[in-house]
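Please look over the model shown here before reading on. The paragraphs below go through it part by part.

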Amino acid sequence: MPFTKHEIELLNNLLPNEVEASRARAAYGKTASYIPELAKAPQDALGIHMIDVDGTTVSGGDCGLSFTMQSISKVFTLILALMDNGEQAVFEKVGMEPTGDNFNSMLKLELVRPGIPFNPLINAGAIAISSLIHGNNPAEKNARVLSFFQALAGNDTLAYDMDVYRSESDTANLNRSMGYLLKDNGVLEGNVEDVLDVYFHHCSISVTCGDLARMALVLANNGTDPLTGTALIPRRYVQIAKTFMVTCGMYNASGEFAIQVGLPAKSGVSGGILTMVPGRAGIGVVGPALNAKGNSISGVHLLESLSRELDWSLF
Ligand code: DON
């Protein structure tokens with residue numbers, strides 16, 4: 001069901017004040033700096049774009065800002081790996097459980113046998129998923145990932161931000177060590193550096209809130225783009241992706257987000273959040289200042305306010 005006329009009016013009335021109130025939270029957060037290029041993002045930017053199943057859009061704040069998808073991309077590489085390999089092969093390599101640890105933790109890879117990542121949305125899990133994407137070499141895999149993302153966003157100009165890609169690849173000591181540990185645990189197929197190349201590339205795909213909203217809309221509509229009628233993802237894989245978004249999408253703040261917002265969501269360290277009102281609308285948010293768990297501090301605040309005002313929680 002699309003947003004009602006009343007809801008659209010309410011959103012348009014609320015947004016200017018809610019965006020400014022949430023933007024003020026940025027003072028208590030910090031842009032990511034462990035990928036040096038991300039530290040250049042505007043600290044107190046905040047933008048949101050929503051698009052409902054009829055194509056009606058509502059947006060506010062700095063919604064024209066470009067940023068890289070970072071961990072948000074993990075939802076869609078998971079889906080591509082499922083489409084390439086099927087459910088059984090994918091879940092031999094990654095689990096289905098939240099960790100309660102930080103997104104870049106490798107603690108449980110050693111502690112908990114058989115040493116497969118707990119889920120596909122932590123870094124270790126997404127690196128394992130990158131090794132499952134079909135293609136003869138990293139270039140072919142990267143091209144397949146990009147064209148899948150372009151189809152989902154309905155935007156064939158989506159591209160890799162090579163400055164962010166190089167910045168991450170040059171400094172990724174932790175992810176690299178995770179890749180080699182996964183290889184030793186028998187989780188990764190092929191050359192570790194090739195797998196990491198695919199992972200760093202998909203994290204560095206540049207988008208706006210509008211692109212995220214459009215990609216989320218496909219998930220909200222069970223895999224079919226409601227604006228073109230094109231079936232892009234089998235419904236079962238959307239169901240798996242949305243479930244992971246609820247249980248692990250906001251990392252070790254997923255429980256709190258489920259209580260305060262109550263929607264499937266995925267964050268990234270560039271400050272992006274992709275979320276949706278299932279059956280109704282896709283939502284993209286950006287606010288580069290992060291909280292201690294690595295989620296956009298202003299973005300989470302804005303979604304909490306809107307979810308309360310519009311009664312969006314699924315629970
Ligand atoms: O691997 C990394 O650390 C980044 N490319 C992505 C991490 C990320 O976005 C975690 N998000 N909260």
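Leaving aside its neighbours within four places in sequence, which residues is Gln150 in contact with? Contact here requires that the C-beta atoms of two residues, placed from the backbone, lie within 7 Å. By that rule Gln150 is in contact with Asn155, Asp156 and Leu158. The model is a predicted one, in which local features need pLDDT of at least 70 and side-chain atom pairs count only at pLDDT 80 or more, while totals for chains, interfaces and linings use all residues. Residues are numbered from 1 along each chain as its sequence is written.

Gln150 sits in helix H6 (residues 138-153). Helices (H or I, at least four residues) and strands (E, at least two) are DSSP runs, numbered from the N terminus. A residue is called buried if 20 or more other C-beta atoms lie within 10 Å of its own, exposed if 12 or fewer, and partly exposed in between, with C-beta atoms placed from the backbone. Gln150 has 16 other C-beta atoms within 10 Å, so it is partly exposed.

Met215 is one of the buried residues of helix H10. This helix is mostly covered, with 12 of its 12 residues buried. The expected span of a helix is 1.5 Å times one less than its number of residues. For the 12 residues of H10 that gives 16 Å, and the end C-alpha atoms are 16 Å apart, which agrees. H10 is followed by Asn222, whose phi is positive, near 60°. Asn222 lies in the loop between H10 and H11, and it is partly exposed because 17 other C-beta atoms lie within 10 Å.

Helix H11 (residues 235-248) has 14 residues and should span 20 Å, which agrees with the 20 Å between its end C-alpha atoms. Its buried residues are Tyr237, Val238, Ala241, Lys242, Phe244, Met245 and Cys248. They cover an arc of only 160° around the axis, which puts them on the same side of H11; the arc is that of the directions from the helix axis to the C-beta atoms. Arg235 and Arg236 are exposed on the other side. The cover over the buried residues of H11 includes helix H2 (73-85), H10, helix H12 (254-260) and strand E6 (265-267).

The chain is assigned domain 1 (5-70 + 205-310) and domain 2 (73-203), with bounds that come from an automatic or database domain assignment. Between the two, 32 residues of domain 1 are in contact with 33 residues of domain 2. On the side of domain 1 that touches domain 2, strand E5 (205-207), H10 and H11 each supply at least two residues. H11 gives the largest share of that side, 7 residues. By class, that side has 19 nonpolar, 8 polar and 5 charged residues. In this count Ala, Val, Leu, Ile, Met, Phe, Trp, Tyr, Cys and Pro are nonpolar, Asp, Glu, Lys and Arg are charged, and the others, Gly among them, are polar.

The shell around the ligand draws at least three residues from each of domain 1 and domain 2. A residue is near a molecule if its C-beta atom, placed from the backbone, lies within 6 Å of it. Of the 13 residues around the ligand, Gln70, Ser71, Cys203, Val269 and Gly294 come nearest. The shell divides into 4 nonpolar, 8 polar and 1 charged.
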